[in-house]
Amino acid sequence: MKTKTFEHLHIPAAITTLDNGLTVASCQTSSALATVNLAVALGSCDDEDHPGIAHFLEHILFESATRDAVHPVLRDFAHKAVNVNAETDQFRTVFETSHGESVADQMAALLEMTGIIIATPEVVNSECQIILQEIEECNHEPGSYIWRMRMLFPDVQGLHHSADGTEESVRAITHSNMWHHHKRWYGPSNSMIQVASRLPHEAVLDLAAKSQLGRAPRSASLRPRAKFVPRCVEATCYDSSEPESLTIYTPLPATIGVKDSI
């Protein structure tokens, strides 16, 4: 287990990789409120034969089978005005809680929420209709980012569509292929916990090591990505108009080419 510290930042940060591959990044702020993110190196460029499945999986995990826009483990946060959100882009999926008072509770909620798929076939079909509506709303004006990716990387199909996928691919998503995608990607060595709080890095590290993800056996890290630490300092540091950020690039295995890492 190795820790890197970055004292030159306005708010010092540290990043540690546990023995099972889980990455823990934190910065210590003066705010009583905390931001906790769980980032998984899973984006639309990993959708393979099912464009949109990473985004679809994020929706299912975030809402669970309750279908009322928030997972049951996050409901108490909503009552306390804690912000909760999730997003998927081309390269990663992020689950976030911000403006909370308990790092331990926020971390436990995120890990429980993303640990297992709770969805019936009826829930999958219902979510399909919601995402199809999102696709219809976005298709009126194709994004310039997607156009650039098609020009720059004509052979990387995962970059040729938005994270939503296409109408045909979303209709083809099933509970089974979603479950296999989750099992393949949602593991400790493909995940990163990011914390901005009053806690020192050692305390955050202890919470992560005792969590279900911190105790889980090592999983195969399929495609190392750039890691951002800390991601949301702005949410807990009100005297700054811009978030402090640092990008750390992990080395690629010899078997992975540059295009494969995009």
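In which strand does Ala34 lie? Ala34 belongs to strand β4 (residues 34-40), strands being DSSP runs of E of at least two residues and helices runs of H or I of at least four, numbered from the N terminus.

## Basis of the model

This is a predicted model, in which local features need pLDDT of at least 70, side-chain atom pairs count only at pLDDT 80 or more, and totals for chains, interfaces and linings use all residues. Residues are numbered from 1 along each chain as its sequence is written, and side-chain values use heavy atoms, with hydrogens and water left out.

## Strand β4

Ala34 is buried, at 3% relative accessibility (buried is under 20% relative accessible area, exposed over 50%, partly exposed in between; 1.4 Å probe, protein chains only). The C-alpha atoms of Ala34 and Gly100 are 5.1 Å apart, although 66 residues separate the two in sequence.

## Salt bridges

The structure contains three salt bridges, each defined by a side-chain nitrogen of Lys or Arg within 4 Å of a carboxyl oxygen of Asp or Glu. One of them joins Arg184 and Glu48 at 3.0 Å, N to O. This pair links distant parts of the chain, 136 residues apart: Arg184 is in helix α7 and Glu48 in the loop between β4 and α1. Arg184 is partly exposed at 40% relative accessibility, whereas Glu48 is exposed at 52%.

Within helix α6 (residues 167-171), Glu167 and Arg171 stand four residues apart, about one turn of the helix, and their side chains meet at 3.4 Å, N to O. In helix α8 (residues 201-210), Lys210 and Asp206 are likewise four residues apart, with a salt bridge of 3.3 Å, N to O.
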